[in-house]
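Biologist: I am new to this structure and would like to go through it by question and answer. Please show it to me.

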Amino acid sequence: MFLRRIARPLMMMAKVKETTGIVGLEVVPNAREVLINLYRKTLEEIKAVPEDEGYRKAVESFTRHRLNVCVEEHESEMIEKRLGCGQVEELIEEAQDELKLIGHMNEWKPWGIPDDYECEVIENDAPVPKHVPLHRPGPLPEEFYNTMEAVTSGKLDAGSKKDEPAISSGDTQSK
């Protein structure tokens with residue numbers, strides 16, 4: 001009883017949330033410190049990836065941004081609001097997953113593929129199950145095909161003005 005009388009008001013003053021509302025995701029009371037440590041570790045680990053790789057550039061960019069927000073803000077709610085990527089507990093899981101992925105990427109070295117490497121394409125005519133979406137893009141506009149025809153046939157006027165389209169969509173415009 002004594003603990004309830006003392007602990008509950010202290011928790012209310014400290015604004016410690018009781019639940020994340022996500023099954024299996026526990027509240028991390030010191031989430032800011034955990035995130036700062038994870039982001040710093042991520043920035044160290046990513047240095048093993050070659051500097052010119054897009055993966056490294058992307059990871060460094062978003063990790064630096066998130067680290068800066070965590071350093072600037074002291075409240076978990078403000079970190080969540082500024083980043084707009086979910087709760088701090090979710091961010092912790094993402095950062096842990098990114099660290100694991102960096103380890104796998106360093107092991108697999110997908111950037112080490114020679115330029116002359118040829119990949120064998122295996123076509124499979126098996127029917128796609130009904131529950132799998134086909135993701136087939138819609139048809140391109142007619143103007144695209146007209147432009148492609150003009151480019152491949154050499155009929156595209158290189159001296160055309162920049163503001164005017166090389167091929168009109170069939171509509172006549174008066175100036």
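Predicted model: local features only at pLDDT ≥ 70, side-chain atom pairs only at ≥ 80, totals over all residues.

Biologist: Which element has the highest mean pLDDT, and which the lowest?
Modeller: The protein averages a pLDDT of 83, and 78% of the residues score at least 70. Among the elements, H2 has the highest mean, 98. The lowest mean, 56, belongs to helix H1 (residues 2-14).

Biologist: What share of the residues in the protein is buried?
Modeller: A residue counts as buried under 20% relative accessible area. Of the 175 residues in the protein, the buried ones make up 22%.

Biologist: Are H2 and H5 roughly parallel or roughly antiparallel?
Modeller: Helix H2 (residues 31-45) packs against helix H5 (residues 88-108) with the axes 10 Å apart and at an angle of about 20 degrees. Angles under 35 degrees count as roughly parallel. So H2 and H5 are roughly parallel.

Biologist: How many nonpolar residues are in the contact of H2 with H5?
Modeller: H2 contributes residues including Val34, Leu35 and Leu38, and H5 contributes residues including Leu91, Ile92 and Ile102. Three polar and three charged residues also belong to this contact. The nonpolar residues number eleven.

Biologist: Are H2 and H3 roughly parallel or roughly antiparallel?
Modeller: The axes of H2 and H3 are 9 Å apart, and the angle is about 150 degrees. Angles over 145 degrees count as roughly antiparallel. H2 and H3 are therefore roughly antiparallel.

Biologist: How many charged residues are in the contact of H2 with H3?
Modeller: Among the residues that make this contact are Arg32 and Arg40 of H2, and Glu60, Arg64 and Arg66 of H3. By class, the contact also has eight nonpolar and two polar residues. The charged residues number five.

Biologist: How are H4 and H5 oriented to each other?
Modeller: Helix H4 (residues 76-83) and H5 pack at an angle of about 65 degrees, with their axes 9 Å apart. Ser76, Ile79, Glu80 and Leu83 of H4 meet Val88, Glu89 and Leu91 of H5. Angles from 65 to 115 degrees count as roughly perpendicular, so H4 and H5 are roughly perpendicular.

Biologist: Is arginine 66 buried or exposed?
Modeller: Arginine 66 lies in helix H3 (residues 54-72). Not counting residues up to four places away in sequence, arginine 66 touches Tyr39, Leu83, Cys85, Leu91 and Glu94. Its relative accessible area is 11%, so arginine 66 is buried.

Biologist: What is the phi of lysine 109, and where is lysine 109 placed?
Modeller: Most residues other than glycine have a negative phi. Lysine 109 is not a glycine, yet its phi is positive, about 50 degrees. The place of lysine 109 is the loop between H5 and helix H6 (142-153).

Biologist: What is the relative accessible area of lysine 109?
Modeller: Residues between the buried limit of 20% and the exposed limit of 50% count as partly exposed. Lysine 109 is partly exposed, because its relative accessible area is 46%.

Methods: Residues numbered from 1 in each chain as written. Heavy atoms only, no water. Axes fitted to C-alpha atoms, helices over the stretch in contact; angles between N-to-C directions. Helix = DSSP H or I, 4+ residues; strand = E, 2+ residues; numbered from the N terminus. Contact = heavy atoms within 4.5 Å. Nonpolar A, V, L, I, M, F, W, Y, C, P; charged D, E, K, R; others polar. Buried < 20%, exposed > 50% of the residue type's maximum accessible area, 1.4 Å probe, protein only. pLDDT = per-residue confidence, 0-100.
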